[in-house]
Amino acid sequence: MTLTPWLILPVALGAAILAFFGGWIAHRRVGEGKLLSAEELAKKVVREADREAENLKKSALLEAKDEWFREKAKLDREVQAQKSEVQRAERGLQELESNLNRRAEVLDKKERDQKRLDRELEVKGEAIAERDKDLARILNEQNSRLQRISGMTSDEAKAQLIANMENEARADAARRLQEIREDTIRNAEKEAREIITLAIQRCAADHSAETTVSVVHLPSDEMKGRIIGREGRNIRAFETATGIDVIIDDTPEAVILSGFDPVRREIAKRALTRLVTDGRIHPARIEEIVAKVQKEVEEQILELGEGAVLEVGVHSMHPEIVKLLGRLQYRTSYGQNILQHSKEVAWICGIMAAQLGFDVQLAKRAGLLHDLGKAVTHEVEGAHAQISMDFAKKYGEPEEVVRAVGYHHHDPTAENLYAVLVMAADAVSGARPGARRESIENYVKRLEALEKIADSFPGVEKSYAIQAGREVRIMVEPKNVDDSRAVTLAADVARRVERELQYPGQIKVVVIRETRAMEYAR
C-alpha cells in the first residue's frame, strides 16, 4: 500500500526516536560493563600497590635496622677505644703522681739535710768568727811589736814588701823571657837557616855588582868634531832626539852620555855607537838611527820581560807587566841589576815556599814583581813598593801577590805571609857578598843612625856601631839599668832599628852592663 506523505514524516520521526533510545541503552550497557571492569582493575592495582608498599616498608625497616646495628657497632668500637685511651692516660697520671711523690720525698729529705748543714755552718761560722777575732788581736799585737822593733809603720813595710816583690817578679819575668827568647831563636834560626841555606844553594846566582856605563869609545879624537858638527848642529840634533846630554871633554877617545832615564841613555849609547861606526853624522841620519834603535830597544825590552817570566816559571802575566819587567834590565840599585835581582828573589821565594808548604807560583810572582816600581821614572811619584803594588793591582795580579809586593819593606806579619818570604829573599839577594856596593856617605849615615837610636834610650852611657854596621854595642850605666832591664833594652833597640832603618841582612844588638869595684891601698 502506498503511504501518503503526511504519514511518512511521523513514521520516520518515530523510527528515529526509537533508534536513538535503542542506541543510548546499548551504549549505557556497554559503558556500565567498562566501568565495572575499570573498578575491578583499580581495586586490583590498589591491592598490588598495598602489597608492594608493605614489602617496601618491610625492606626499609630491615635496612634501617641493619644501619642502626652498624652504627651501634662503630660507636661501641669508638667508645671502647676512648675507654682504652682514658685508661692509658690514667695509668700515666698515676705513674707521674708516683714520681712526683717520690721527688717530693727526696726534696723533703734534701731540705732537711740542708737545714742541718745550715745549722752546722752557722755554728762553724761563729767559731771561725771567734778565731778571726783572736787572730786579728794576735796580728795587731805582732804588728805593734814589729813596728817597735823595726821602727817602720805598716804602710812603709807594705810598700817595701811590694817593691821587693815587684823587683823579684820583674827579674823572674826577664829571666823567663830571656830563656823563651833564646829557645825560640835557637829553634827558629836553625830552621830558617836550613831553609835559606837550601834556597841559596839551589839558586846559586853568579852575577855580582854591575855598573851602567854611559861612555862611548871613539876611534880617534877627530870624531868628536864630527859629533859636534858645524856650529853644533849635530850634537843639538842628537840631544833633541834622545833626550840625553852629550858631554865632550878632555877624556881621550871617549864621549860621556848623561841622563836620568837609563833606557834613553841606552838608546843614545847604541845610536851614537852606530853613527860613529857608520861615519855619516848629520841631523837627518841622527833622527833615522835614533828611531831605529828606539824600536829595537823596545822590542828587546819586551823580549827581556818574556824571557824573565819564562825563566822564573810563572805564567799569564799582563803584557804591560812583562814590558815593565824588561825595563828593569836598565835599572840598578847600589850597582846591582834590578832584573837579575828580581829573578833571584823569585827563585829564592819559590824554594822557601816549597819548603814551608806555601803556593810556589804565588811566591815566585810576588818575588818577581816586588821591585816593579823601579822601572818607571820620576814622573810617577811614590815609594817603589807602593808603585809596584799599584801596578800589580791594576793589571789583575792575585790579592796575595799585591799585598806581598806592597809590604815587603814593612813589618809584614800582620799583612801577608808571602811578604815575609819576599822580605827575606830580598835581603838575601841584596846582602850577599858582591851583590851591591854602598857609597861611603850612605855607610857613614847608617852607622850614625844606629848609634843615635841606641843613645836615645835612658840609661845608655855610650854606643858603638861595629862590624861595618852589622853590630851595635851599647854600654849602659849599672846604677840605672839592672840585668832584667838590659834584656828588655836590647829588644827595644832592635825593634826600633827594624822600624826606622833600611839595611841588608841583620844587625846584632849587644847591651853590656859592667860593674867595677875600686879601692886604693895606702
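Predicted model: local features only at pLDDT ≥ 70, side-chain atom pairs only at ≥ 80, totals over all residues.
1. Start with the pair α4 (residues 233-242) and α6 (residues 283-312). Their axes come within 9 Å and cross at roughly 25 degrees. Angles under 35 degrees count as roughly parallel, so that is what we call α4 relative to α6. The crossing itself is right-handed.

2. Who touches whom here? On the α4 side, look for R233, N234, A237, F238, A241 and T242; on the α6 side, they meet P283, I286 and V290. Sorted by class, this contact has six nonpolar, two polar and one charged residues.

3. Now take α6 by itself. With 30 residues at 1.5 Å a residue, α6 should span 44 Å, and its end C-alpha atoms are 43 Å apart, so the two values agree.

4. Which helices do the buried residues of α6 pack against? They are α4, α5 (262-278), α7 (319-327), α8 (338-356) and α9 (360-369). Among the buried residues are R285, I289, V297, G305 and V312.

5. Last, hop over to I248, in the loop between β2 (245-247) and β3 (254-258). Is I248 buried or partly exposed? Its relative accessibility is 26%, so I248 counts as partly exposed. Leaving aside neighbours within four places in sequence, I248 is in contact with K224, I227, I228, I235 and V255. Of these, I228 is 20 residues away from I248 along the chain, and their C-alpha atoms are separated by 8.7 Å.

Conventions
Residues numbered from 1 in each chain as written. Heavy atoms only, no water. Axes fitted to C-alpha atoms, helices over the stretch in contact; angles between N-to-C directions. Helix = DSSP H or I, 4+ residues; strand = E, 2+ residues; numbered from the N terminus. Parallel < 35°, antiparallel > 145°, perpendicular 65-115°, else oblique. Left-handed = near helix turned anticlockwise from the far one by under 90°. Contact = heavy atoms within 4.5 Å. Nonpolar A, V, L, I, M, F, W, Y, C, P; charged D, E, K, R; others polar. Expected span 1.5 Å × (residues − 1). Buried < 20%, exposed > 50% of the residue type's maximum accessible area, 1.4 Å probe, protein only.
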